[in-house]
Amino acid sequence: MLGSVLARFNQMSENKSDCLELLRRMFNLGRRILQLNEEISYQMRKLSEGVQCIFVGTTICISQLATANIFRFLITTVNADSLEDFKAKMDGLYSDIQLLTLIDKGKRVPKIASQSKKIYGFESAREDVIQLLDLNARDSMPIVVVVYGYGGFGKTTLADAVYAHINLQSYKHCKIHLDQDCTYNDLKLLQEQIVYGLFRQNKRVKNCDQGQAILYSLFKENPNQPLFLYIDNALKSRDLEKLLPQGLGGCLPANSRMLVTTRKLYETDIFVGRNIERRQYDVNPLPVNEARKLLLEKVSDYNDEHNIYNLVQLCGGVPLLLELAGSQLAINRGNTKNIVLEMLNEGEKVKEKDISDRMVGFVFDRLLEPVQEAFLDIASYFYNNWESRQVASIVGEEEFRALEAASFVKISEAGNVIVHDIIRARGKNISEKTRITNPETLLECLKDEETLKNLKGIYFSKEYELPPIEINCDHLNRMSNSLRVLAYQGSQIAFREKCNMPFQQLRYLQISSNIPDLPVKFEKLEHLIFYDGPFPRDMSLYEFPPSLRIMYIEDSSNNRAAYSKIPPRVAPHSSLVQLVLDGFKNMLWLPDGLEMLRKLEDLSLLYCHQLRELPARISVLSNLKVLTLVECNKLEALSSDFGQLSNLEVLTLHKCNELKALPSNFAELGNLKVLTLYKCTQLEELPSDFGRLSNLRWLQLEGCYGLNALPTNFGDLLSLEYLNLRNCSSLKELPSNFGQLKNLEELDLNYCSGLEEWPASFEDLAEVKGVILIGCSLKLKESLPHNIKGIDCIIYE
């Protein structure tokens, strides 16, 4: 007994400092929670966990320190291991709470919802749906919340806003979108997407039955990990039945949640009676004041209250219709009276439930023919995760802007194209016989001469297990005057004869393996993707077409002996703005004439292992904004005039292992914002005037093992927000003026084992949001200034 008491007193003396340290940390955590409660008050669950943690921890530490109360002390079960476990839990909780701030401010994690800023009248609806999800509940059966209502009511906008605002730190989560005309093959791909999104596993699904079995197995193998699955646009119950495993309620982990949008509630009846609780939210039309606000968003100076009232009544509080009507007011500013009358007459022709489709048709009919064609291309091919810049280049810049003005297309915060399902369905119906997306339809078209003459596009986005379709000279000649898009994979199409006529309308060409003998004359070609080189010298596409703006060439062949594989030479009059050369493993130099691409903005050289140098006069690429070099293993130096690329904003040098130094004029890149020097292991130093890069915001030097010092003027990088020095093991000290980096928010010093002390000026960085010190010396951790180690800093020890 005496020995036991002495052992407890011995533990007490060792744990006193730990208890005091924990109390100090909990004090800082409490101050942070008070601050966050004002900034992101909707994250109540995580903040409540922090408060509970402080309560428990304070009780533990005070009871441990209350040595005068011998009885209390003797029955306490707190020992060194328990304190260590609690400290780890608290540090993890603090990291989660701090991460909420970074997410909320968009600093580290991109926002999920592209349209969450404008959810007219939906703020209260968002909170209602979040309450239905009941994420705070524990030991509950899985819950699915169904957001339903007519097309155009803003179901996806609302659900996206919910998905963006809830705290999913404790969930594995992902979002998928079901197309209105979802095919069996599409469902297989979506199952693969769910598997990867939730479990980060790449699995090839042969059929939907196998996909269901894989999901069932993964759900059962992770019973303690709650999942959150957001299924947007579930319009048909049969799609859900094929997509999700049978017996879903029996395999879905407890506390899991699903968020589903659909037009009709009964389409989600598959969730009823399957050990899943279905809750529902009926999306209502916007109230009159919010509807009026949305209608006038693009034409705020319009003040004819009579017409405004009539249009609001016509649109019935449906956001999609209000946006379309408002766009027409803005486009027809000089003739608003007539356009209002036309829209009202359009509404009188049909029943209320059909007005959405009629309004879309009304707007489409008023578009100019080139704009209509651009929209039909987008509705058929370029609507799903396509970058808006590329789509605008393919269909035409002016045409794309006209579609934006008409609210037919939108651009997400990530820069991708968004097309509403109702609008896209209209386009798909119109273009059904002119834009081909599967081999069976193409085979039928090849039999009809008139159909071929009007064929606008062939686009196979995936491989089909069918024999290649043979296209002869007659077929090519007939479609040469109308074809705008040609894209296929592998050997899906076999070109048997040469085409004698130029393709006058072709804008997008994506080919691989089987190379068609097409004419060099492409009068409007904007976008070319070519896979599986080499690009043969004698083929007709040897020179870039003058109109070409985006070109992606990939050589993924395994013939390493082909020493002379290079992409085609560049025509001096090229309008190219983006060029990607991927996988030319044996290319020693870049194509002749590259320096003639005066309009080039984006150049990517990926896995060009033997590339030894950049063009001597690369500085003439005066419009270059983005330069990416990945695993160019033999590249020893950048060109001497590199600093003259005055418009360069993003430079990525990824695993360029032989790069020993940056050019002496590197600091002249006055517009450089992002610099990545990842695993450039031979790089020993940065230029002495590196601090002149006044616009640099993001700097990654991870894995630069040879880097032994930072320039003395490093603190002059006043715009720097993110600095990654991970695995810079030769780095012995930080510059004395490091504290001048007032905008620095995240600092990663993982495994910088050579660092042992902080510069005195480091105390000036009290506002830094994140410091990561895994694998650093104990001396560095212990000497971290007190004000930095406090409320605004994440420390992983």
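Is the crossing of H15 and H19 left-handed or right-handed? The crossing is right-handed, where a crossing counts as left-handed if the near helix is turned anticlockwise from the far one by less than a right angle, and as right-handed if clockwise. Helices (H or I, at least four residues) and strands (E, at least two) are DSSP runs, numbered from the N terminus.

The model is predicted: local features need pLDDT of at least 70, side-chain atom pairs count only at pLDDT 80 or more, and totals for chains, interfaces and linings use all residues. Residues are numbered from 1 along each chain as its sequence is written, and side-chain values use heavy atoms, with hydrogens and water left out.

The protein chain contains 23 helices and 24 strands. Of its 797 residues, 54% are buried (under 20% relative accessible area with a 1.4 Å probe, protein chains only; exposed is over 50% and partly exposed in between). Among contacts (heavy atoms within 4.5 Å) between residues at least 6 apart in sequence, 63% join residues at least 24 apart.

The pLDDT, which is the predictor's confidence in each residue from 0 to 100, averages 79 over the protein chain, and 76% of the residues score at least 70. Confidence is highest in H16, at 95, and lowest in helix H3 (residues 70–75), at a mean of 41. Over residues 67–77 the pLDDT is below 50, and this stretch has 14 contacts in the model beyond near neighbours in sequence. Residues 536–542 also stay under 50, with 16 contacts beyond four places in sequence. Where pLDDT is low, the predicted coordinates should not be read in detail.

An open sheet is formed by five strands in the order S2-S3-S4-S1-S5, with parallel pairing (two strands pair if DSSP finds at least two bridges between them). S2 and strand S5 (277–282) are the edge strands, each pairing on one side only. Neighbouring strands of this sheet are turned against each other by 15 degrees on average, direction ignored.

Strand S3 (residues 227–232) runs parallel to S2 and is joined to it by six bridges; Leu-227 in S3 is the bridge partner of Lys-172. S3 also pairs with S4 in the parallel sense, over four bridges, and Tyr-230 stands opposite Leu-259 in S4. Because six of the six residues of S3 are buried, this strand is largely enclosed by the rest of the structure. Leu-227, Leu-229 and Ile-231 are buried on one side, and Phe-228, Tyr-230 and Asp-232 on the other.

Helix H5 (residues 123–133) lies across strand S1 (143–148), S3, strand S4 (257–262) and S5, and runs at about 175 degrees to S5. Axes are lines fitted to C-alpha atoms, for helices over the stretch in contact, and angles run from 0 to 180 degrees between N-to-C directions.

In helix H19 (residues 421–430), the buried residues are Asp-421, Ile-422, Ile-423, Arg-424, Ala-425 and Gly-427. They pack against strand S2 (172–177) and helices H13 (319–331), H15 (355–366) and H16 (369–380). H15 and H19 pack at an angle of about 65 degrees, with their axes 10 Å apart. At this contact, Ser-356, Asp-357, Val-360, Gly-361 and Phe-364 in H15 meet Ile-422, Ile-423, Arg-426 and Ile-430 in H19.
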